[in-house]
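Please look over the sequence and the model shown here before reading on. The report that comes after them is meant for a reader new to this structure.

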Amino acid sequence: YELSDQYLKDFQTIVTLCQQKHINLKVFVSPAHATDLEAIRATGRWQTMEQWQREIVKVIPVWDFSGYNSVTTETVKNVMKNYADNSHYSSFIGDLILDRLGNYQTEKVPQDFGVLLTPENIEFHLRKTRKEREIWAKEHPDELKLVQTIKQQGILK
């Protein structure tokens with residue numbers, strides 16, 4: 001994870017073009033598994049990720065499906081309902097994202113899955129995510145240890 005002024009500028013260009021063409025653009029952060037977020041933290045890039053979120057919400061509101069919620073904190077096991085691995089979610093989760101974005105069948109979408117981020121709520125959201133991470137770490141010591149072991153083996157850089 002690195003912030004890129006050029007990528008942010010390109011993102012702004014895409015958003016502006018969509019607005020000019022009256023395209024209803026919906027931007028979202030994918031629901032990577034909590035272990036993926038822990039890997040970001042373990043590599044010292046947590047602050048970069050937070051700054052990236054701050055920057056993109058300056059351009060357009062962004063739906064955040066990442067973080068520590070009932071979908072992303074599924075216990076890691078050989079066969080998972082929500083994920084094929086820590087960053088590839090199932091079509092079931094894809095449908096939940098589409099339902100939230102389209103305000104369709106919202107009763108099927110977990111209440112804690114998908115937060116619309118704006119410049120007004122981004123700092124609250126980041127603080128909340130940090131607190132939820134602490135809870136997750138205490139409740140999932142095996143997954144936390146797995147990420148730490150992978151980091152120690154030099155797989156995460």
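This is a predicted model: local features need pLDDT of at least 70, side-chain atom pairs count only at pLDDT 80 or more; totals for chains, interfaces and linings use all residues.

What follows describes the chain as a whole and then turns to one of its helices.

Of the contacts between residues at least 6 apart in sequence, 71% join residues at least 24 apart.

Some values for the whole chain are set out below.

| Property of the chain | Value |
|---|---|
| Box filled by the C-alpha atoms, along the principal axes | roughly 50 × 35 × 25 Å |
| Buried share of the 157 residues | 41% |
| Accessible surface | about 9,700 Å² |
| Share of that surface belonging to carbon and sulfur atoms | 54% |

As for charge, the chain carries 20 positive and 21 negative side chains, and the centres of these two sets lie 3 Å apart.

Helix H3, which covers residues 46–59, has 14 residues and spans 21 Å from its first C-alpha to its last, close to the 20 Å expected at 1.5 Å a residue. The buried residues of H3 are Trp 46, Met 49, Glu 50, Gln 53, Arg 54, Ile 56, Val 57 and Val 59. Against which elements do the buried residues of H3 pack? Their partners include the helices H1 (5–20), H2 (34–42) and H5 (122–139), and these buried residues also pack against the strands E1 (27–29), E2 (62–64) and E3 (115–117).

How values were computed: Residues are numbered from 1 along each chain as its sequence is written. Side-chain values use heavy atoms; hydrogens and water are left out. Buried means under 20% relative accessible area, exposed over 50%, partly exposed in between (1.4 Å probe, protein chains only). Contact means heavy atoms within 4.5 Å. Accessible areas come from the Shrake-Rupley method with a 1.4 Å probe; for residues, only the protein chains shown count as cover. Lys and Arg count as positive and Asp and Glu as negative; His and the chain ends are not counted. The place of a charge is taken as NZ of Lys, CZ of Arg, CG of Asp or CD of Glu. Helices (H or I, at least four residues) and strands (E, at least two) are DSSP runs, numbered from the N terminus. The expected span of a helix is 1.5 Å times one less than its number of residues.
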